[in-house]
Amino acid sequence: MCNEWENLKPAITFAKAAAKEHEGAKIIGCACYTKPTKEGRMAWPPEEMAELAVRLAREGGVDIIEIKDYAGNLFSEQDARKYANAKKWLGKDDWKNMSAAHVVKTICDALKEAKEKGEIKEIPPVHLHSHGQKPKALDEALNAGAAVVDVGIGKLSARDKGEINTLAFTNIRD
């Protein structure tokens, strides 16, 4: 299962060994985001994703923490509130768990706290990878502490008029 340390550990160990043979190689530790279920439960709440990020930095020694939002379910704060209000099964504050800014800030804050406690030596940059085309959410994620956001843009990452295009990423830092 994704986000399970015991499942990630062998891959990170292998990647670190392989990286020694490739100058400049970076190890990316990923935490996958999923939205709340119809029962209102989060498969991986932001706080648990933050715990995983600290563990990836502390025990895995990864160079980058990446939040993977494959389904494009992270929203801007405004859109997260609208979505949560429209879903009767979500609680009053559940919108936060769907806010890109909240997820990024929760992870960044946990990493900063771990450094202050001496649990990690350096804070790895946090990247957000999303398949959502939500510029406001990406902007808020950057303002919340993400070092990089990248997006699989639909028309560039899939079939378009029968032609296959290569996956394209757009970095919108500035």
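User: Which residues is Ile107 in contact with, leaving aside its neighbours within four places in sequence?

Analyst: Contact means heavy atoms within 4.5 Å. By that criterion, and with neighbours within four places in sequence left aside, Ile107 touches Met49, Ala50, Ala53, Ile65, Ile67 and Val126. This is a predicted model, in which local features need pLDDT of at least 70, side-chain atom pairs count only at pLDDT 80 or more, and totals for chains, interfaces and linings use all residues. Residues are numbered from 1 along each chain as its sequence is written, and side-chain values use heavy atoms, with hydrogens and water left out.

User: What is the largest nonpolar core, and which residues have the most contacts inside it?

Analyst: In soluble globular proteins, nonpolar side chains tend to be buried together. A nonpolar core is a set of buried Ala, Val, Leu, Ile, Met, Phe, Trp, Tyr and Cys residues joined through side-chain atoms within 4.5 Å; buried means under 20% relative accessible area, exposed over 50%, and partly exposed in between (1.4 Å probe, protein chains only). Here the largest core has 45 residues, and those with the most contacts inside it are Met49, Ile65, Ile67, Met98, Ile107, Leu111 and Leu128. Among the elements giving two or more residues to this core are helix H2 (46-58), strand E2 and helix H4 (100-116). H4 supplies the largest share, 9 residues. Helices (H or I, at least four residues) and strands (E, at least two) are DSSP runs, numbered from the N terminus.

User: How are H2 and H4 oriented to each other?

Analyst: Axes are lines fitted to C-alpha atoms, for helices over the stretch in contact, and angles run from 0 to 180 degrees between N-to-C directions. H2 and H4 pack at about 40 degrees, with their axes 8 Å apart. Angles under 35 degrees count as roughly parallel, over 145 as roughly antiparallel, 65 to 115 as roughly perpendicular and the rest as oblique; the two helices are therefore oblique to each other. Residues making this contact include Met49, Ala50 and Ala53 of H2 and Thr106, Ile107 and Leu111 of H4.

User: Is Lys68 buried or exposed?

Analyst: Lys68 counts as buried because its relative accessibility is 13%. This residue lies in strand E2 (residues 64-69). Beyond its neighbours within four places in sequence, Lys68 is in contact with Cys30, Ala31, Cys32, Tyr33 and His129.

User: How many helices and strands are there in the protein?

Analyst: The protein has 6 helices and 6 strands. Of its 174 residues, 42% count as buried.
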